[in-house]
Amino acid sequence: MNEMIYVVEDETDILELIRIKLKAAGFKSRGFETAVGLQQIIRTEAPDLIILDLMLPDLDGMEFCRLLKSDPGTEKIPILMLTARAEIEDRVKGLEYGADDYLTKPFDASELIARLHAILRRSSWESSKNVLQITPDFLLDFDRYEAYINQKRVDLTLTEFKILQLLTKRPGWVYKRGQILDYLWGNDN
Ligand code: CA
């Protein structure tokens, strides 16, 4: 563990609070009050994840996210957006701009930490291939389309496996029936 998290947040009390919670959860962190501050060092010292406030004094966080995600040097760094904007359009926009997750203020510190773990698990799974450990006893093998509980293979149909696969893409998200069907069979059936 001991992943390095960069936190971009211009409200210093919130920044400090987040860093305290990160430290308590075993993460290293570095705080930035401006986007430019982070931009100056990210190419030489990349973090494992960025927590990004959207309302920053020097650059719109949404735009900054788009910049990071369109730059091959930084595109793989997961970003969790943090903002007071709770409107659904902003959430959708944030995800379209490449954010890996989105949390609105005020937020619960334990939810923040849980989401960080989920994002990091997903990103290490995406880089190191195709086995996802969901809990210590439960894992999914995406090469073989198999699920294991306590090292015993679970009998699943392909459809059941694919639904699990969809649900692991964004832990905690709720999907409508139609969205699941679209994922399974495309939206032209
Ligand atoms: Ca702010």
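Are helices α6 and α7 roughly parallel or roughly perpendicular to each other?

The model is predicted: local features require pLDDT of at least 70 and side-chain atom pairs pLDDT 80 or more, whereas totals for chains, interfaces and linings use all residues. Residues are numbered from 1 along each chain as its sequence is written, and side-chain values use heavy atoms, without hydrogens and water.

Solution.
Step 1. Helix α6 covers residues 158-169 and helix α7 residues 177-185; helices (H or I, at least four residues) and strands (E, at least two) are DSSP runs numbered from the N terminus.
Step 2. The two helices pack at about 115°, with axes 10 Å apart. Axes are lines fitted to C-alpha atoms, for helices over the stretch in contact, and angles run from 0 to 180 degrees between N-to-C directions.
Step 3. Angles under 35 degrees count as roughly parallel, over 145 as roughly antiparallel, 65 to 115 as roughly perpendicular and the rest as oblique. Therefore α6 and α7 are roughly perpendicular to each other.
Step 4. The contact (heavy atoms within 4.5 Å) involves T159, K162, I163, Q165, L166 and K169 of α6 and I180, Y183, L184 and W185 of α7.

**Exercise.** Determine the strand order and the edges of the sheet.

Solution.
Step 1. An open sheet of 5 strands has the order β2-β1-β3-β4-β5, with parallel pairing. Two strands pair if DSSP finds at least two bridges between them.
Step 2. β2 and β5 each pair on one side only, as edge strands.
Step 3. From one strand to the next, the twist averages 20°.

**Exercise.** Describe how β1 and β2 pair, and where α1 lies.

Solution.
Step 1. β1 (residues 4-8) and β2 (residues 28-32) pair in the parallel sense over 5 bridges.
Step 2. Opposite K28 in β2 stands M4, and opposite G31 in β2 stands V7.
Step 3. Helix α1 (residues 12-24) lies across β1, β2, β3 (49-53) and β4 (79-83). The direction of α1 is at about 170° to β2.

**Exercise.** Locate the cis peptide bond that joins K105 and P106.

Solution.
Step 1. Most peptide bonds are trans.
Step 2. The bond between K105 and P106 is cis, with omega of about -5°.
Step 3. P106 is in the loop between β5 (101-104) and α5 (109-128).

Technical notes: Right-handed = clockwise from strand over helix to strand, strands pointing away.
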